[in-house]
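Me: I've just opened this one and could use a quick tour. Can we go through it together, one question at a time?

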Amino acid sequence: MPHVLVKLYSGRSELQKTVLAQDISKAVAASLGNPEDFVTVGIEDVEESQWVDDVFKPEILGKDDTIYKKPGYDPLNC
């Protein structure tokens, strides 16, 4: 029963979020061999100005053992 939480910059439409959730659900189901009905996807909007403090520092930085797709950016050095 995988649950995926996506945090992204605010401003995406409800249609974009719905399509993203559907695509993620299909990919997770196919990768894990689960029925798609077992997958849930949550999407949370984050203001760009809050990304570093609300997402990058607490959820990405220093979590190399649990982040399987590493970011190609470092907002601390931009």
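Me: By class, how many nonpolar, polar and charged residues are in the lining of the largest pocket?
Reply: Bear in mind that this is a predicted model, where local features need pLDDT of at least 70, side-chain atom pairs count only at pLDDT 80 or more, and totals for chains, interfaces and linings use all residues. Residues are numbered from 1 along each chain as its sequence is written, and side-chain values use heavy atoms, with hydrogens and water left out. The lining is made up of Leu5, Lys7, Trp51, Val55, Glu59, Ile60 and Tyr73. Counting Ala, Val, Leu, Ile, Met, Phe, Trp, Tyr, Cys and Pro as nonpolar, Asp, Glu, Lys and Arg as charged, and the others, Gly among them, as polar, you get five nonpolar, no polar and two charged residues.

Me: What volume does the largest pocket have?
Reply: A pocket here is an open set of points on a 1 Å grid over the protein atoms alone, where a 1.4 Å probe fits, with protein on both sides within 12 Å along at least five of seven lines; lining residues have an atom within 4 Å of a point. The volume is the space filled by probe spheres set on the points, which are joined across faces, edges and corners. For the largest pocket that comes to about 300 Å³.

Me: Which element gives the largest share of that lining?
Reply: Helices (H or I, at least four residues) and strands (E, at least two) are DSSP runs, numbered from the N terminus. Two or more lining residues come from each of β1 (3-9) and α2 (51-60). The largest share is four residues, and it comes from α2.

Me: In what order do the elements of the protein run?
Reply: There are two helices and two strands in the protein. Going from the N terminus on, they run β-α-β-α.

Me: Is Lys17 buried or exposed?
Reply: Lys17 sits in helix α1. Beyond its neighbours within four places in sequence, Lys17 is in contact (heavy atoms within 4.5 Å) with Arg12, Ile43 and Asp45. Because its relative accessible area is 14%, Lys17 is buried.

Me: And why does Lys26 count as partly exposed?
Reply: Lys26 also has its place in helix α1. Lys26 counts as partly exposed because its relative accessibility is 48%.

Me: What distance separates the C-alpha atoms of Pro75 and Phe56?
Reply: Pro75 lies in the segment after α2 and is partly exposed, because its relative accessible area is 22%. Setting aside neighbours within four places in sequence, Pro75 is in contact with Val52 and Phe56. Pro75 and Phe56 are 19 residues apart along the chain, and their C-alpha atoms are separated by 8.1 Å.

Me: What share of the residues of the protein count as buried?
Reply: The C-alpha trace spans about 40 × 30 × 15 Å along its principal axes. Of the 78 residues, the share that count as buried is 22%.

Key
Buried < 20%, exposed > 50% of the residue type's maximum accessible area, 1.4 Å probe, protein only.
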